[in-house]
Amino acid sequence: MSNLVAVQGLVKHYKGFTLDQIDLTVPEGEIVGLIGENGAGKTTTIKAILGVIHPDGGTIQVMGKDPGDRTALEKVGVVFEDSYFYGGLNAHQVDRILSGIRRDWDSDKFRKDCNAFDLDMKKPIKDFSRGMRMKLSLTTALASHPRLLLMDEATSGLDPVIRGEILDIFLTFIQDEGCGILLSSHITTDLERVADQIAYIHRGKLLFQQGKDALLEETAVVRGSAAVLDRLPQELVLVRRDGGLSGSAALVKDGAAARRLLPDAVIDRTSIDEMMQLYGGREEA
Ligand code: ATP
């Protein structure tokens, strides 16, 4: 299986922030969920992949080409949280304009998807709700038959019904041969539903990129007093928080091993949200 995106040792310095040696891949056939706290470096990473910003170090390949390469970009669909169109246009006009500009533009698919999404082709986009604008962005991104979808917070602020529709589109999209998605989101339940892999950027560093199922099945949280947690071998502990609202807790990489070592301790399955809270040092989001 080849990688649609291969990022190695990506470095980007801003005043007061460094994106530090990020390694990230988006394999064909997979949805990679990119998580991280506000300001962790997710958008910066996505912009570097698109060639919108220039890295200070590392290498990036997008379908075997450098970021920003025209032939590669033609196969990339992009949806950002705040992407929108000139408000005076309607979807019908967007179709006409883009069919004249984009080589692979598929008007039939665009109109069909607009219809499936209940988007009124004649309504000015300025009168669309946020969810409708997001659906239009996604429909527009898909109308050129991309192989790679890059989505930055695309489902934030949308209701569960629309998010469900969009997630279904991702799952359909990924069934086409050679396609993949990189999806940054704070809605970790969406990622738990659709992502194959989770990549976690924390304060500019990549903590891990790992298969989601293995991550959620193997990782666990041990809860108890500091004395109980002291009995865990260091190599098992990913991160530990002492004395939070609900006592001390340690995220362990192998829940089964922890259960064998501490049969009387409280050891729970975990979620992406809880992992982020433990790494981020917060008890509650
Ligand atoms: P969020 O979840 O809040 O969208 P993020 O993980 O996408 O956050 P980035 O937008 O990548 O985070 O920002 C990472 C850091 O880089 C932040 O400290 C931000 O202020 C800084 N940054 C981003 N772009 C610039 C820029 N053009 N100039 C200076 N600093 C920047």
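In the predicted model, the C-alpha centres of domain 1 and domain 2 lie 34 Å apart. The domain assignment places residues 3–214 in domain 1 and residues 219–280 in domain 2. Contact between the two involves 12 residues of domain 1 and eight residues of domain 2. The size of an interface is often given as the accessible area lost when the parts come together. Here, domain 1 and domain 2 bury about 830 Å² between them. Carbon and sulfur atoms account for 66% of that area. On the domain 1 side, Thr-188, Glu-192 and Tyr-200 supply 42% of the area buried against domain 2, more than any other three residues.

Polar links between the domains were then counted. Two residue pairs, both at pLDDT 80 or more, are in polar contact between the domains. Three elements each supply at least two residues of the side of domain 1 that touches domain 2: helix 7 (188–194), strand 8 (197–202) and strand 9 (205–211). Strand 8 gives the most, with three residues. By residue class, this side of domain 1 divides into six nonpolar, three polar and three charged.

Salt bridges were next examined across the model. The count comes to 16. One of them joins Arg-163 and Asp-190, with the closest N and O atoms 2.8 Å apart. Arg-163 belongs to helix 6 (residues 160–173) and Asp-190 to helix 7, and the two residues are 27 residues apart. Arg-163 has a relative accessible area of 14% and is therefore buried. Asp-190 also counts as buried, because its relative accessibility is 6%.

A salt bridge also forms between Glu-274 and Arg-223, where the closest N and O atoms are 2.9 Å apart. Glu-274 lies in helix 11 (residues 272–280) and Arg-223 in strand 10 (residues 220–224), so this pair ties together parts that are 51 residues apart in sequence. Glu-274 is buried, at 16% relative accessibility. Arg-223, at 26%, is partly exposed.

In the salt bridge of Arg-240 with Asp-230, the closest N and O atoms are 3.0 Å apart. Arg-240 sits in strand 11 (residues 237–244) and Asp-230 in helix 9 (residues 226–230), 10 residues apart. Arg-240 is partly exposed, with a relative accessible area of 26%. Asp-230 is exposed, at 54%. Salt bridges with shared partners also join Arg-70, Glu-74 and Arg-103 into one network.

Glu-30 is found in the loop between strand 2 (17–27) and strand 3 (31–35). Its relative accessible area is 18%, so Glu-30 is buried. The side chain of Glu-30 makes a polar contact of 2.8 Å with the side chain of Gln-197. The C-alpha atoms of Glu-30 and Ile-181 are separated by 6.5 Å, although these residues are 151 residues apart along the chain.

Two residues other than glycine have positive phi values: Met-63, near 50°, and Asp-118, near 60°. Met-63 is in the loop between strand 4 (57–62) and helix 2 (70–73). Asp-118 is in the loop between helix 4 and helix 5 (130–142). Met-63 is buried, with a relative accessible area of 18%, whereas Asp-118 is exposed, at 69%.

Asp-113 lies in helix 4 (residues 107–116). Asp-113 counts as buried because its relative accessibility is 16%, under the 20% cut-off. Beyond residues up to four places away in sequence, Asp-113 touches Thr-139 and Leu-142.

How values were computed. Residues are numbered from 1 along each chain as its sequence is written. This is a predicted model: local features need pLDDT of at least 70, side-chain atom pairs count only at pLDDT 80 or more; totals for chains, interfaces and linings use all residues. Side-chain values use heavy atoms; hydrogens and water are left out. Domain bounds come from an automatic or database domain assignment. Contact means heavy atoms within 4.5 Å. Buried area is the accessible area (1.4 Å probe) that two parts lose on being put together, summed over both. A polar contact is a pair of N or O atoms within 3.5 Å; within protein, one must be able to donate a hydrogen and the other to accept it, and residues adjacent in sequence count only if both atoms are side-chain atoms. Helices (H or I, at least four residues) and strands (E, at least two) are DSSP runs, numbered from the N terminus. Ala, Val, Leu, Ile, Met, Phe, Trp, Tyr, Cys and Pro count as nonpolar, Asp, Glu, Lys and Arg as charged, and the others, Gly among them, as polar. Buried means under 20% relative accessible area, exposed over 50%, partly exposed in between (1.4 Å probe, protein chains only). A salt bridge is a side-chain nitrogen of Lys or Arg within 4 Å of a carboxyl oxygen of Asp or Glu.
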